[in-house]
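Please look at the sequence and the fold together.

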Amino acid sequence: DTERFLLVGRIDAAYTDRTLPEDQNGDPLPEDGCHGEADRILSDGLPGPDWSVTNNDSHSVAYRDERVEAAEEAWSDCMRGRGFDYDSVDEPINRDWPEPAGEAEIATALADVDCKVETNLVGVWVGVESEFQERFIRDNSAELQELKHWLETVYRNSEQVLADADR
């Protein structure tokens with residue numbers, strides 16, 4: 001508990017009523033603890049980035065796209081034509097297969113790959129996902145540039161702190 005308090009300071013609701021200890025010079029530790037101080041040093045005081053800009057789940061968005069759904073349906077039909085009844089590409093992956101891989105799992109995997117090639121499921125999915133990612137990058141260019149600048153600053157300053165510590 002004490003270690004956490006020193007790390008995050010009084011910004012954590014659990015510690016708002018606690019008195020901050022003093023450093024070796026008699027100065028109180030920062031309100032946001034050692035973590036806050038480290039952030040300020042490493043970021044040159046730049047405001048923290050908007051991490052929400054990284055919440056781009058293009059994989060799931062693409063999976064719900066009608067083009068990917070159609071390709072997955074074609075894959076499912078292909079699998080059925082080879083004697084395997086799967087509605088989703090996740091089903092054979094998430095199935096509880098015995099260890100080591102047996103004939104049934106190997107046959108399923110071979111049919112899965114063949115059907116993915118025949119239906120171009122992976123190509124369609126990657127193409128759709130790429131569209132979403134390109135749009136996301138275009139729509140969030142400024143925020144992504146700010147994040148890049150912040151990360152480069154932290155990286156550069158981290159290297160300097162580590163180099164100074166080695167002296």
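Q: How should I read a nonpolar core, and which residues have the most contacts inside the largest one?

A: The general idea is to look for buried nonpolar residues that are joined through side-chain atoms within 4.5 Å. In this predicted model, the largest nonpolar core has 16 residues, and those with the most contacts inside it are Trp75, Met79, Tyr86, Leu121 and Trp125.

Q: Which helices each supply at least two residues of this core, and where does the largest share come from?

A: Helices α4 (66–81), α6 (103–119) and α7 (121–139) each supply at least two residues of this core, and the largest share, 5 residues, comes from α4. A second, separate core has 5 residues, including Phe5, Val8, Tyr15 and Leu20.

Q: What is Tyr86 in contact with, once its neighbours within four places in sequence are left aside?

A: For a contact, one asks for heavy atoms within 4.5 Å. With those sequence neighbours set aside, Tyr86 touches Trp75, Ser76, Met79, Arg80, Glu91, Pro92, Arg95, Trp97 and Thr108. Of these partners, Trp75 and Met79 were already named among the residues with the most contacts inside the largest core, as was Tyr86 itself.

Q: Are Cys78, Cys115 and Cys34 buried, partly exposed or exposed?

A: Buried means under 20% relative accessible area, exposed means over 50%, and partly exposed is in between. Cys78, with a relative accessible area of 13%, is therefore buried, and Cys115, at 0%, is buried as well. Cys34, by contrast, has a relative accessible area of 40% and is therefore partly exposed.

Q: How do I read a pocket, and which residues line the largest one?

A: A reader can take the volume, the lining residues and their classes in turn. About 160 Å³ of space lies in the largest pocket, and its lining consists of Leu46, Pro47, Gly48, Pro49, Asp50, Val53, Glu143, Glu146, Leu147, His149 and Trp150. By class, this lining has 6 nonpolar, 2 polar and 3 charged residues.

Q: Where is Leu46 found, and what is Leu46 in contact with beyond its neighbours within four places in sequence?

A: Leu46 is found in the loop between α2 (33–43) and α3 (58–63), and at 28% relative accessible area this residue is partly exposed. Leaving aside those sequence neighbours, Leu46 is in contact with His149, Trp150 and Thr153.

Q: Is Thr153 buried or exposed, and where is its place?

A: Thr153 has its place in helix α8 (residues 141–165) and counts as buried, at 3% relative accessibility. Leaving aside neighbours within four places in sequence, Thr153 is in contact with Leu42, Ser43, Asp44 and Leu46.

Technical notes. Residues are numbered from 1 along each chain as its sequence is written. This is a predicted model: local features need pLDDT of at least 70, side-chain atom pairs count only at pLDDT 80 or more; totals for chains, interfaces and linings use all residues. Side-chain values use heavy atoms; hydrogens and water are left out. Buried means under 20% relative accessible area, exposed over 50%, partly exposed in between (1.4 Å probe, protein chains only). On a 1 Å grid over the protein atoms alone, a cavity is a set of points where a 1.4 Å probe fits but cannot get out, and a pocket is an open set with protein on both sides within 12 Å along at least five of seven lines; lining residues have an atom within 4 Å of a point. Grid points are joined across faces, edges and corners, and a volume is the space filled by probe spheres set on the points. Ala, Val, Leu, Ile, Met, Phe, Trp, Tyr, Cys and Pro count as nonpolar, Asp, Glu, Lys and Arg as charged, and the others, Gly among them, as polar.
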